[in-house]
Amino acid sequence: MAVRPERLFSAFSWLAAGLVAVSVGALVVYLIVRGWPALSYTLFFGDTPWMAAVFGSEPVFDGIYPAMVGTFILIVFSSVIAIPLGVCCGIYLAEYAQSRLKATFSFMVDLLSGMPSIVMGLFGFALILLMRRTLFGHANTSLMLSSACIALLILPYLIRMTQVAFESLPDKVRLLGPSLGYTRWQNILHVKLPAASTSIFSGIILSIGRAAEDTAVIMLTGVVANAGIPRALSDKFEALPFTIFYLTAEHRDDTELQTAFGCALVLLVITGTLFFISYSIQKNLKRSWRHGE
Amino acid sequence: MMVHETAISMRNLRVGFSGRTILDAVSMDVPRNAITMIIGPSGSGKTTLLRSVNRLNEEFAGCSTAGSVEVSFSGTIMDIYRDLTPNELRRRVGMVFQSPNVFPFSIQKNLLAPLRLIHSMGRKERHQRMERVLREVELWDEVCDRLNDNAMTLSGGQQQRLCLARALALSPEVLLLDEPTASLDLRSARKVEELLTGLKDRYTILAVSHSIRQVKLIADRVVILSGGTIARTLEHRDFHNPGLLEELVEEIF
């Protein structure tokens, strides 16, 4: 009889794992089935020749290429801001912060991670209003503001993943550097960071996904329906999640809805590519840590 | 009879963590160029005593240390809690852990990286030092053609010898060994024991051991620890008294 709960639990675990796999599989298949027919030259570039679109000599009116570029820049720029900040902040909390300060900072990070993205967007919008009324009369919502707000949105994931990765290193690894006479900085850089890198990169991948999908923040901070390819970080921009949102919300026939599915498929490919790039960076970093001198 | 001068002198050492006393009023001398082994039941403070010599206890939150530990480095006696920073001290006091603790990097990087970071040595000098210490621990012939392989691919015994080589590469004067053969099979353990016997001519060795056989085989002095205090100290000559060590261990454990 004692075996029964164990079997039940094991069956439930199998079921849970199976459900996740089936859900993800079904989602991807559905997206491909609905989105694939929409994939065409016109979806990306409309009537504009692709060379002219890529080099920016002609605007793209009916294609999603500007939204792809906008999303790509948004993810890269927000990651450039958030990754170093988040990783360093996580290291600070794990390695340097004293108990009281650590508790205060941890509370703030938790608060930030629990903040709805629309609030983050509102904060960005309010910031621009404040700037316009004070020192910068020409300040406006833009790709830079969106990137900064998205960076703020993904920051807590990066901080927590880094902090937990560092704090959960076993004593065996933790003591190795100090036992050899490494300084704290040498120990962090040459022992702990390589040992914690897998978890930190998981946090980075999670953040990239979050940065790619968020719509609420960018709606209030710089995204518009027809901005074209952004030429500067101070420009307004288009982004795939927003394109998907307005195409779905305002569709009049099935073709327009299918276009939204096409966009979703492209967004999935972009995030997949970025996941792959960060995975490759992680693998190369690990290789350089393992070998060499 | 050979008389050793004192390399490490502990006086009234008291170590506690978050108010809980682990070592209490420990006073002992460790002779130079000899093997001193600490034995005692679990929780008696063996590892804490060992780590008080390289101040590694301070890596744990809530550690407090009182009393003095003096170490003679190249003839100069220094109070390690007053005269040296932990990093300066640890560069002169090598340590090998209970289970093999290699970096998950290549075999050569395990040796070359600490040499680059601690001693800022040039490439040629580092490679020479690496070969010398790998020969010293009799590992060179086994790994010379696979130095770029991951150190984790070595057997447990080889990994432990690599850790010993890594400690030796930094030219310490004192070696601390925390049950260095505990996770090894008998053959690998014998190999490490032979190495230690050979190394004691050049290094002062303080080791924690779990094996009476090992203690009788290689120790010059034995410190029996119980409940955070020293219960008894024996010299190698005392081992000739049949059954004494076993009786004491029986009584204390």
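Residues are numbered from 1 along each chain as its sequence is written, while chains are lettered from A and ligands numbered from 1 in the order in which they are written. Because the model is predicted, local features need pLDDT of at least 70 and side-chain atom pairs count only at pLDDT 80 or more, whereas totals for chains, interfaces and linings use all residues.

**Exercise 1. Describe the make-up of chain A: how many helices and strands are there?**

Step 1. Chain A has 12 helices and 0 strands, where helices (H or I, at least four residues) and strands (E, at least two) are DSSP runs numbered from the N terminus.

Step 2. Of the contacts in chain A with a separation of 6 or more, 74% link residues 24 or more positions apart, a contact being two C-beta atoms, placed from the backbone, within 7 Å.

**Exercise 2. Work out how helices α8 and α9 of chain A pack: at what angle do they lie?**

Step 1. Helix α8 (residues 171-180) of chain A packs against helix α9 (residues 184-213) of chain A at about 155°, and their axes are 9 Å apart; the axes are lines fitted to C-alpha atoms over the stretch in contact, with angles from 0 to 180 degrees between N-to-C directions.

Step 2. On the α8(A) side the contact is formed by A:V173, A:L176, A:G177 and A:P178, which meet A:Q186, A:N187, A:H190, A:V191 and A:A195 of α9(A).

Step 3. By class this contact has 5 nonpolar, 4 polar and no charged residues, with Ala, Val, Leu, Ile, Met, Phe, Trp, Tyr, Cys and Pro taken as nonpolar, Asp, Glu, Lys and Arg as charged, and the others, Gly among them, as polar.

**Exercise 3. Describe the contact between the chains: which element of chain B gives the most residues to it?**

Step 1. The contact takes 23 residues from chain B and 16 residues from chain A.

Step 2. On the chain B side, the elements giving two or more residues are α2 (86-90) and α3 (107-119), and α3(B) gives the most, with 8 residues.

Step 3. This side of chain B divides into 11 nonpolar, 7 polar and 5 charged residues.

**Exercise 4. Trace the strands of chain B: in what order do the strands of the open sheet lie?**

Step 1. The open sheet has 4 strands in the order β2-β1-β4-β5 (chain B), with antiparallel pairing, and two strands pair if DSSP finds at least two bridges between them.

Step 2. Its edge strands are β2 (20-31) and β5 (76-79) of chain B, each pairing on one side only.

Step 3. Within it, β1 (residues 6-17) and β4 (residues 63-73) of chain B pair over 8 bridges, and B:M10 has B:V69 in β4(B) as its bridge partner.

Step 4. Elsewhere, 4 bridges join β6(B) in parallel to strand β7 (residues 174-178) of chain B, with B:V93 partnered by B:V174.
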